[in-house]
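Q: Can you walk me through this one? I'd like to start with the disulfide.

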Amino acid sequence: MKNVFFLAFLLALFAPQRVVAQANKTDGPHFNHAALCVRDLQKSVTFYRDALQLKEIANPFNDGAHAWFSIGPALQLHIIQRGCAPVTAKDTHLCFSVSSLSNFIAQLEKQKVAYTNLKGDGKTPTTRIDGVKQIYLQDPDGYWIEINDAK
């Protein structure tokens, strides 16, 4: 009889956690990673690591054609070297938020990384209608990246 009560206690204790875990699995899709095709992996690794200051993380391929970066809690950017034609339209872009856009711009200036506003007519950040300031830059393959100060 003691075992039955102990088993009931354990089931009651852990049942809510199982329900939450099951609910998370059935909530629908959640974003996991973005992948970009690049022509020169090392150039791109240097750009994403140094200019954007992303942290490179281990990847299971370890084949010299893939590199992975952490871009947030449980989110990754995969860059893959292939013979590809990147999409270079500004409307198709990645976006990263920083705590201080002016500090980030100073770092870009120091590294001599080119950037522009949304219109492409200067370096003064564009201010969106919601008050967020933004700039744009391109990676070595021409992909556009927005950097903003959204909180």
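Q: What is the hand of the disulfide of Cys37 and Cys84?
A: The disulfide is left-handed, because the torsion about the S-S bond of Cys37 and Cys84 is about -110 degrees. This is a predicted model, where local features need pLDDT of at least 70, side-chain atom pairs count only at pLDDT 80 or more, and totals for chains, interfaces and linings use all residues. Residues are numbered from 1 along each chain as its sequence is written, and side-chain values use heavy atoms, leaving out hydrogens and water.

Q: How far apart are the sulfur atoms of Cys37 and Cys84?
A: They are 2.2 Å apart. The cut-off for a disulfide is cysteine sulfur atoms within 2.5 Å.

Q: Which parts does the pair tie together?
A: Cys37 lies in strand 1 (residues 33–38), and Cys84 in the loop between strand 4 (75–81) and strand 5, so the link joins parts 47 residues apart in sequence. Helices (H or I, at least four residues) and strands (E, at least two) are DSSP runs, numbered from the N terminus.

Q: How many disulfides does the structure hold?
A: One.

Q: Is Cys84 buried or exposed?
A: Cys84 is buried, at 18% relative accessibility. Buried means under 20% relative accessible area, exposed over 50%, partly exposed in between (1.4 Å probe, protein chains only). Cys95 is partly exposed, at 37%.

Q: Switching to aromatics. How many aromatic pairs are found in the whole structure?
A: Four. In one of them, the rings of Phe47 and Tyr48 have centres 5.1 Å apart and planes at 90 degrees, so that pair is edge-to-face. The rule covers rings of Phe, Tyr and Trp (its six-membered ring): centres within 6.5 Å make a pair, with planes under 30 degrees apart stacked, over 60 edge-to-face and the rest tilted.

Q: What about Tyr48 and Phe69?
A: That pair is tilted, at 6.2 Å centre to centre with 45 degrees between the planes. Tyr48 lies in helix 2 (residues 41–51) and Phe69 in strand 3, so the pair ties together parts 21 residues apart in sequence. Phe47, Tyr48 and Phe69 form one aromatic cluster.

Q: Are Phe47 and Tyr48 buried or exposed?
A: Phe47 is buried at 9% relative accessibility. Tyr48 is buried at 0%. Phe69 is buried as well.

Q: Which rings does Lys90 lie over?
A: Lys90 lies over the face of Tyr136, 5.2 Å from the ring centre. Lys90 also lies over the face of Trp144, at 4.5 Å. The test is NZ of Lys or CZ of Arg within 6 Å of the ring centre and within 35 degrees of the ring normal.

Q: Trp144 is in strand 8, then. What is its bridge partner?
A: Gln138. Strand 7 (residues 133–138) and strand 8 (residues 144–148) pair in the antiparallel sense over five bridges. Two strands pair if DSSP finds at least two bridges between them.

Q: What is the strand order in the open sheet?
A: The order is 5-8-7-6, with mixed pairing. Strand 5 (93–97) and strand 6 (126–127) are the edges, each pairing on one side only.

Q: Last topic: backbone. What is the phi of Asn62?
A: Asn62 has a positive phi of about 45 degrees, although it is not a glycine. Most residues other than glycine have a negative phi. Asn62 lies in the loop between strand 2 (55–57) and strand 3 (66–72). Asn62 is exposed, at 71% relative accessibility.

Q: And Ala74?
A: Ala74 has a positive phi of about 60 degrees and is not a glycine. Ala74 is in the loop between strand 3 and strand 4, and is exposed at 69%.
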